[in-house]
Amino acid sequence: MIARFFELFGKITLFGLAAIRDVFRPPFELFYFLQQLYEIGVGSLLLILTSGFALGVVMTLHTRGTLIQFGAESEIPTFQAMSFLNEIGPLVAALLIAGRVGAGIGAQLANMRATEQIDAIETLSIDSFKFLVVTRIVACTLMLPILTVFMDAAGILGGFASERVVSHLSFRLYFSRAFDGIAIANLIPPTLKTAVFGFLIGTISCFFGYTTDEGSDGVRRASTSSVVVSSLAVILADVILVKLIFFIFPDQAI
């Protein structure tokens, strides 16, 4: 069991390193890369916005009662903004992308392998690894920080909507309190760490899809493994990156 884990870890690591090496090697497949950016970014935007807004409303409803007990009702906007910017927004956005995009990449590449479409691409003297894998990994890496910004904005807006209904707090006062005391260091490092999450999701999903060779059963297995392993990798990486942020920004990061 442990040996199989380290064997899988080693294979995925080498797969990711090969992708990093090929990023800077022409041809760059710009049109297909832009297509992947659109599918991952625009295709996931509605899911990110609705999830973030709903999560913002629920968080405010849950925290409001507790903060009122301590006479800290005015701190609700600050608590909401700090929670989303530092942890909830980046982590939830990554898990949603692991579920939607990771499963899609794993299933799509496994299906192309099962139907010999990847072999057909290689017969045309096209590097299938660079064409299918590298473009998806780079697209995931670039789009996840952008989607995280939308998740943060939707979550804070959801918190405002909830507060507006309950306490009639004005838009200007809510956002003044929400961003009071928040420095750039509270926003940039947590958002940029999602680029690592995106790289992990893209690499793991492409690995299970591209390397499978088990027919239709392999498609199901690749899709499931992509989601499970990507989600686990994101959570474990988050632990390490949060400690790293604490180390680099000991005063600003919470």
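This text walks through a predicted model of one protein, from its overall build to single residues.

The protein has 8 helices and 0 strands. Read from the N terminus, the order of elements is therefore simple to write down: α-α-α-α-α-α-α-α. Taken along the principal axes, the box filled by the C-alpha atoms is roughly 70 × 35 × 35 Å. The chain has 254 residues, and 46% of them are buried. Among contacts with a separation of 6 or more, 83% are between residues 24 or more positions apart.

Phe31 is placed in helix α2, which covers residues 30–69. Between Phe31 and Thr63 there are 32 residues along the chain, and their C-alpha atoms are separated by 46 Å. Phe31 has a relative accessible area of 68%, so Phe31 is exposed.

Next come the places where helices meet. Helix α3 spans residues 76–114 and helix α6 spans residues 171–178; their axes come within 7 Å and cross at roughly 55 degrees. On the α3 side the contact is made by Pro77, Thr78, Gln80 and Ala81, and on the α6 side by Tyr174, Arg177 and Ala178. Sorted by class, this contact of α3 with α6 has 4 nonpolar, 2 polar and 1 charged residues.

Helix α3 also meets helix α5. The axes of α3 and α5 come within 7 Å and cross at roughly 145 degrees. This crossing, too, is right-handed. The contact of α3 with α5 has 20 nonpolar, 6 polar and 3 charged residues.

The charged side chains are the next topic. The whole structure holds 8 salt bridges. One of them joins Glu163 and Arg64, with the closest N and O atoms 2.7 Å apart. This pair links distant parts of the chain, since Glu163 sits in helix α5 (residues 128–167) and Arg64 in helix α2, 99 residues apart. Are Glu163 and Arg64 buried or exposed? Both Glu163 and Arg64 are buried.

Another salt bridge is formed by Asp22 and Arg21, whose closest N and O atoms are 3.0 Å apart. Arg21, at 56% relative accessibility, counts as exposed. Arg21 and Asp22 also belong to a network of salt bridges that links them with Arg25 and Asp127.

A further salt bridge is the one between the side chains of Asp119 and Arg113, at 3.8 Å from N to O. That distance meets the definition, because a salt bridge needs the nitrogen within 4 Å of the carboxyl oxygen. Asp119 counts as partly exposed, at 35% relative accessibility. Arg113 counts as buried because its relative accessibility is 18%, and the limit for buried is under 20%.

The last topic is the backbone in the loops. Which two residues are joined by a cis peptide bond? They are Pro26 and Pro27, with an omega of about 0 degrees. Pro27 is found in the loop between α1 (2–23) and α2.

Two other loop residues have a positive phi. Glu116 is not a glycine, yet its phi is positive, at about 65 degrees. Glu116 is in the loop between α3 and α4 (117–123). With a relative accessibility of 54%, Glu116 counts as exposed. Ser125 is likewise a residue other than glycine with a positive phi, near 65 degrees. The loop that holds Ser125 lies between α4 and α5. Ser125 counts as exposed as well, at 71% relative accessibility.

Terms used
Residues are numbered from 1 along each chain as its sequence is written. This is a predicted model: local features need pLDDT of at least 70, side-chain atom pairs count only at pLDDT 80 or more; totals for chains, interfaces and linings use all residues. Side-chain values use heavy atoms; hydrogens and water are left out. Axes are lines fitted to C-alpha atoms, for helices over the stretch in contact, and angles run from 0 to 180 degrees between N-to-C directions. Helices (H or I, at least four residues) and strands (E, at least two) are DSSP runs, numbered from the N terminus. Contact means heavy atoms within 4.5 Å. Ala, Val, Leu, Ile, Met, Phe, Trp, Tyr, Cys and Pro count as nonpolar, Asp, Glu, Lys and Arg as charged, and the others, Gly among them, as polar. Buried means under 20% relative accessible area, exposed over 50%, partly exposed in between (1.4 Å probe, protein chains only). A crossing is left-handed if the near helix is turned anticlockwise from the far one by less than a right angle, and right-handed if clockwise.
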